[in-house]
Amino acid sequence: MQEKLQQLSIQAKTELNQIADAVALNNFKVKYLGKQGLLTEILRGMRDLPAEQRPVVGALVNQVRQEIEEQIASKQEQFDKIQLEKELAKNYIDITEPAKGHEKGALHPLSQVFELLIDSCVNMGFKVVEGPEVELDYYNFEALNIPKNHPSRDMQDTFFITDNILLRSQTSSVQARTMQVMKPPFKIISPGRVYRNDSDATHSPVFHQMEGLVVDENISMADLKAMLVELMRKTFGEQTQIRFRPSFFPFTEPSVEVDVTCPTCRGSGCRLCKGTGYMELLGAGIVNPKVLEECGIDSKKYRGFAFGFGADRVAMVKNSISDIRSMFRNDIRFLKQMK
Ligand code: FA5
């Protein structure tokens, strides 16, 4: 029996050396140490041994079992190590690799323009007020000296919701609302979205204006001009050429339109500026006394000046954008250039 055990031990060692994976190792374990295993079988045979031999053979069986168990454990350790290395190689993380940077976002060109215009005006003492985009005909037109069926309504192609309710076509509606609730003197600006049935390279059906209104005693055209020149310089820099042209608005008298050098041709004349070299940015003027009276302000004591910027046009000029509509297409390749 001792000989049998020694042979089993040698056989086990030889077999173990040839084992190449964990499955084969498990089969080997069952073959030698399992309930029906070769070593267990020898143990069972001990019953037939004379009593004095049993402790000697018993000790030998235990020794062979221990050797086999140790060899299995060592082989298992090798396989575990190989498996771990494989896993690590598969999920390799190079902790020394520099991190990928996050792409920096930026404000939309229009938001940048609004921030700039609003900051400049607030620094000059203006207060920001807002008005509704769905507006009464009264505030958008009638209070501003534009009665129903008056031909000057054609200057703005308006989206009507009912006879008396419309999408505001100008932020001047906030002028009328403000004059009815604020006591002069005051200086307000009102940035916001406006709507007109208009669409080409310099006109969008949804666009943005910033209204300004100053009501005080002794206001003159000189105050309006000085304020606008200062605001234009802050917005476009000292070099920009600005042009004041006489114009007409029913709610201001006298009225002007203010142009700035064209973003595309820089003044030499092109299709965008219709050969003039300039782009129109805003309308302005001295508030018509009829409007002051309609809104409850004493026109003998107070005068006012008002202006209405096209904020999208300011963004066009600042960023040399040749089609206003490209600002609303949300094409990220275009917007990235405006950072
Ligand atoms: C007005 O809307 C007057 N409310 C401005 C005003 C305010 C005059 C206060 C006097 C006193 P106008 O229709 O010209 O005026 O528009 C003003 C500016 O808005 C234009 O100079 C232009 O820069 C811009 N604008 C007008 N229509 C569009 C459009 N469809 N798309 C983009 N910008 C436009």
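# A mixed sheet, its helices and its cores

In strand 8, the residue standing opposite Asp259 is Glu280. That pair makes a handy way into the sheet described here. The model is predicted, so please bear in mind that local features need pLDDT of at least 70 and side-chain atom pairs count only at pLDDT 80 or more, while totals for chains, interfaces and linings use all residues. Residues are numbered from 1 along each chain as its sequence is written, and side-chain values use heavy atoms, with hydrogens and water left out.

## The sheet

Helices (H or I, at least four residues) and strands (E, at least two) are DSSP runs, numbered from the N terminus. Two strands pair if DSSP finds at least two bridges between them. On that basis, 7 strands make up an open sheet with mixed pairing, in the order 1-4-5-9-8-7-6. Strand 1 (127-128) and strand 6 (242-249) are at the edges with a single partner strand each, so one side of each has no neighbour in the sheet.

| Strands | Sense | Bridges |
|---|---|---|
| Strand 4 (186-195) and strand 5 (206-216) | antiparallel | 10 bridges |
| Strand 5 and strand 9 | antiparallel | 8 bridges |
| Strand 8 and strand 9 | antiparallel | 5 bridges |
| Strand 7 and strand 8 | antiparallel | 8 bridges |

Gly192 has Gln209 of strand 5 as its bridge partner. Gly308 of strand 9 is the bridge partner of Glu211, and Gly308 also stands opposite Gly283.

Buried means under 20% relative accessible area, with exposed over 50% and partly exposed in between (1.4 Å probe, protein chains only). In strand 8, 8 of the 10 residues are buried, so this strand is largely enclosed by the rest of the structure. Strand 9 is likewise largely enclosed, because 7 of its 8 residues are buried.

Gly212, in strand 5, counts as buried at 0% relative accessibility. Contact here means heavy atoms within 4.5 Å. Leaving out residues up to four places away in sequence, Gly212 touches Ile188, Ile189, Phe305, Ala306 and Phe307. Its C-alpha atom is separated by 8.0 Å from that of Gln175, 37 residues apart along the chain.

## Helices across the sheet

Axes are lines fitted to C-alpha atoms, for helices over the stretch in contact, and angles run from 0 to 180 degrees between N-to-C directions. Helix 5 (109-123) lies across strands 1, 4, 5 and 9 (303-310), at about 5 degrees to strand 5. Helix 8 (221-236) lies across strand 6, strand 7 (252-261), strand 8 (278-287) and strand 9, at about 30 degrees to strand 9.

At its start, a side-chain oxygen of Ser220 comes to within 3.1 Å of the backbone nitrogen of Ala222. Such a polar contact is a pair of N or O atoms within 3.5 Å; within protein, one must be able to donate a hydrogen and the other to accept it, and residues adjacent in sequence count only if both atoms are side-chain atoms. Just after the helix, Gly237 has a positive phi of about 95 degrees.

Which residues of helix 8 are buried? They are Leu224, Met227, Leu228, Val229, Leu231, Met232, Thr235 and Phe236. Their cover includes helix 5, strands 6, 7, 8 and 9, and helix 10.

## Two cores

A nonpolar core is a set of buried Ala, Val, Leu, Ile, Met, Phe, Trp, Tyr and Cys residues joined through side-chain atoms within 4.5 Å. The largest holds 44 residues, of which Met227, Leu228, Leu282, Phe307 and Phe309 touch the most other members. At least two residues each come from helix 5, strand 5, helix 8, strands 7, 8 and 9, helix 10 (311-319) and helix 11 (332-336). Helix 8 gives the most, with 6 residues. A second, separate core of 23 residues includes Val129, Met179, Phe251 and Ile297.

## A buried loop residue

Thr158 belongs to the loop between helix 6 (137-140) and strand 3 (165-167). Is Thr158 buried or exposed? With a relative accessible area of 15%, Thr158 is buried. Its side chain reaches the backbone oxygen of Gln156 at 3.0 Å. Apart from neighbours within four places in sequence, Thr158 contacts Phe141, Leu166, Leu167 and Ser169.
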